[in-house]
Amino acid sequence: QSEVHHHTIHHVEPSCWCTAKPASTVPEGLEVNAIVDVPDGGGQLLDWREWEAAQKEDDIFLVVRNWVIQGRRDVVQANRTPTELMSLWKQFNLLRVEDGVLQRRWNYTSTGEDRWLIIVPEDRRELVMNRCHAELCGHAGVENTLLCLRKWYYWPGMEREEKEFVA
């Protein structure tokens, strides 16, 4: 059964709910007219210190952070390396640590814009997916939720996980 929800809709700059630094608008191609307003400060998912702490608690991210900070990655054996670590190893040249937070450069080919996306640790992914799908995109489906996620977040296998989450 469908539920009817009545909301007051306002356009809100995403910085009110996501601490990724780039100022943005609604993701290109998003088929909703606005984002549900969130009270001041209440929409912030995690602040930079919380992102940094979450990444430092994740064993894989700790290794990758150290590579980026040192400016070199370790030699790894593909058949003995966890898939996620191997994926980030291959993307080493697209990574940085800024304000203590591990990020990945993403190029939007449609606009030529480069953005730095927060790389989300495994234990925060459901929170991020739920926020983008339910609260920000208004249950707008797989593709629109993925567009929303790709504006601020990244992790290896994100598209696959998001499709499973929304389904």
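Thr81 lies in the loop between helices α2 (59-70) and α3 (83-90) of a predicted model. Helices (H or I, at least four residues) and strands (E, at least two) are DSSP runs, numbered from the N terminus. Thr81 is buried, with a relative accessible area of 14%, where buried means under 20% relative accessible area, exposed over 50%, and partly exposed in between (1.4 Å probe, protein chains only). The side chain of Thr81 comes to 2.6 Å from the backbone oxygen of Gln77. A polar contact is a pair of N or O atoms within 3.5 Å; within protein, one must be able to donate a hydrogen and the other to accept it, and residues adjacent in sequence count only if both atoms are side-chain atoms. When neighbours within four places in sequence are left aside, Thr81 is in contact with Val76 and Met86, contact being defined as heavy atoms within 4.5 Å.

Residues are numbered from 1 along each chain as its sequence is written, and side-chain values use heavy atoms, with hydrogens and water left out. Because the model is predicted, local features need pLDDT of at least 70 and side-chain atom pairs count only at pLDDT 80 or more, while totals for chains, interfaces and linings use all residues. The pLDDT is the predictor's confidence in each residue, from 0 to 100. Its average over the chain is 73, and 65% of the residues score at least 70. Confidence in the chain is lowest in strand β2 (residues 35-36), with a mean of 32, and highest in β3, with 96. Over residues 4-27 the pLDDT is below 50, and this stretch has 53 contacts in the model beyond near neighbours in sequence. Residues 29-43 also have pLDDT under 50, and the model has 30 contacts for them beyond four places in sequence.

The chain contains six helices and six strands. From the N terminus on, these elements follow the order β-β-α-α-α-β-β-β-α-α-β-α. Of the 167 residues, 43% count as buried. Among contacts in the chain with a separation of 6 or more, 61% come from residues 24 or more positions apart.

An open sheet is formed by four strands in the order β3-β4-β5-β6, with mixed pairing. Its edge strands are β3 (95-98) and β6 (153-154), each of which pairs on one side only. Helix α2 packs on the sheet and touches β3, β4 (101-108) and β5; the direction of α2 makes about 90° with that of β3, where axes are lines fitted to C-alpha atoms, for helices over the stretch in contact, and angles run from 0 to 180 degrees between N-to-C directions. Two strands pair if DSSP finds at least two bridges between them. Strands β3 and β4 are antiparallel and pair over four bridges, with Glu98 having Val101 in β4 as its bridge partner. The hairpin of β3 and β4 has two residues between the strands, and Asp99 takes a positive phi near 55° there. Strands β4 and β5 also run antiparallel and are joined by six bridges; the bridge partner of Asn107 is Asp114 in β5. Four residues lie between β4 and β5 in their hairpin, and Gly112 in the turn has a positive phi of about 80°. Strand β5 (residues 113-119) and β6 run parallel, joined by two bridges. In β6, Tyr153 is the bridge partner of Ile118, and Tyr154 stands opposite Ile119.

The largest nonpolar core has 17 residues. A nonpolar core is a set of buried Ala, Val, Leu, Ile, Met, Phe, Trp, Tyr and Cys residues joined through side-chain atoms within 4.5 Å. The residues with the most contacts inside the largest core are Trp51, Ile118, Val120, Val128, Leu149, Tyr153 and Trp155. Helices α1 (48-57), α4 (125-136) and α5 (142-152) are the elements that give two or more residues to this core, and α5 gives the most, with four residues. Leaving aside neighbours within four places in sequence, Val128 is in contact with Leu45, Trp51, Val120, Leu149, Tyr153 and Trp155. A second, separate core has 13 residues, including Val64, Val68, Leu95 and Tyr108.

Trp48 belongs to helix α1 and counts as buried at 18% relative accessibility. The C-alpha atoms of Trp48 and Glu98 are separated by 9.6 Å, and the two residues are 50 residues apart along the chain.
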